[in-house]
Amino acid sequence: MFTHTLLASALPGFIKFFAQGGFFMAVLVILSIFSLAVILQRALVIKMDRALPPDILRSVAAFKEGSSIESLQKSLSLEPSPLSRVLLSVIQHKDWPRAEILEAVQTRARHEISRLESGLVFLEITTGISPLLGLLGTLSGLVGIFGNIGAHGDPQMVANGISEALNCTIVGLGVAVPNLIAYNYFTRRVEVIAIDLESLTTDLMAKLAIGRK
């Protein structure tokens, strides 16, 4: 009973906190919702075991120089992933000159990395503009407050108005901080995946004796 009473008393204040922010607060709330959706979606996509499946890693490690590539090619085809698509590009172009193979594989790898990075630019932009939107909301509120000082000279009302205007700054920073953390985390993870892709590709090309014929 006490818990329900506490929630009931807190909810109106919570809603009031956002309602007092006006237009800029509404924009920040929308940005926070989209940011959360992007973070959750990227968290599912940019996973080491999805980009670099353990089964594929074992298949590549087990493949020996001079072995038949049919079984490896079948394993890669059965488990689609950035790694399998890049390695399949190596196998499909194995009879080309080494320079042309490298160019084809690099193009494929850039495409896969671009897919992994999809959506991160939104987090980067949101990180930059959220504090600015919060500041704009605060300044907009302060302009209205100081414009009405003559009509309402009550210091308590002015103090309350300033406190309410600062809500936008608080929310703007609250949106930017987790976005910045998520952006840096995902960017670093994509970099690690790119390094592993390059290493595994080079290893497979060496086992296929590409460039040594």
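Contact here means heavy atoms within 4.5 Å. This is a predicted model, in which local features need pLDDT of at least 70, side-chain atom pairs count only at pLDDT 80 or more, and totals for chains, interfaces and linings use all residues. Residues are numbered from 1 along each chain as its sequence is written, and side-chain values use heavy atoms, with hydrogens and water left out.

**View 1. Proline 53 in the loop between helices H3 and H4.** Proline 53 lies in the loop that joins helix H3 (48-51) to H4; helices (H or I, at least four residues) and strands (E, at least two) are DSSP runs, numbered from the N terminus. With a relative accessible area of 1%, proline 53 is buried. Buried means under 20% relative accessible area, exposed over 50%, and partly exposed in between (1.4 Å probe, protein chains only). Apart from neighbours within four places in sequence, proline 53 is in contact with Met48, Glu79, Ser81 and Leu83. Proline 80 is 27 residues away from proline 53 in sequence, and their C-alpha atoms are 9.1 Å apart.

**View 2. The crossing of helices H4 and H6.** The axes of helix H4 (residues 54-62) and helix H6 (residues 82-92) come within 9 Å and cross at roughly 35°. Axes are lines fitted to C-alpha atoms, for helices over the stretch in contact, and angles run from 0 to 180 degrees between N-to-C directions. The crossing of H4 with H6 is left-handed, a term used if the near helix is turned anticlockwise from the far one by less than a right angle (clockwise is right-handed). On the H4 side the meeting residues are Ile56, Leu57 and Val60, and on the H6 side they are Leu83, Ser84 and Leu87. By class, this contact has five nonpolar, one polar and no charged residues. Ala, Val, Leu, Ile, Met, Phe, Trp, Tyr, Cys and Pro count as nonpolar, Asp, Glu, Lys and Arg as charged, and the others, Gly among them, as polar.

View 3. A salt bridge is a side-chain nitrogen of Lys or Arg within 4 Å of a carboxyl oxygen of Asp or Glu. Arginine 58 counts as exposed at 51% relative accessibility, while aspartate 55 is partly exposed at 39%. By the rule above, the count comes to seven salt bridges.

**View 4. Arginine 108 and glutamate 112 in helix H7.** These two residues form a salt bridge, with the closest N and O atoms 2.8 Å apart. Arginine 108 and glutamate 112 are four residues apart in helix H7 (residues 98-117), about one turn of the helix. Arginine 108 is partly exposed, with a relative accessible area of 25%, whereas glutamate 112 is buried at 1%. Salt bridges that share partners join Arg85, Arg108, Glu112 and Arg115 into one network.

**View 5. The salt bridge of lysine 94 with aspartate 95.** The closest N and O atoms of this pair are 3.6 Å apart. Lysine 94 is partly exposed at 29% relative accessibility, and aspartate 95 is exposed at 62%.

**View 6. Isoleucine 145 in helix H8.** Helix H8 (residues 120-147) contains isoleucine 145, which is buried with a relative accessible area of 16%. Isoleucine 162 is 17 residues from isoleucine 145 in sequence and 7.3 Å from it in space, C-alpha to C-alpha.
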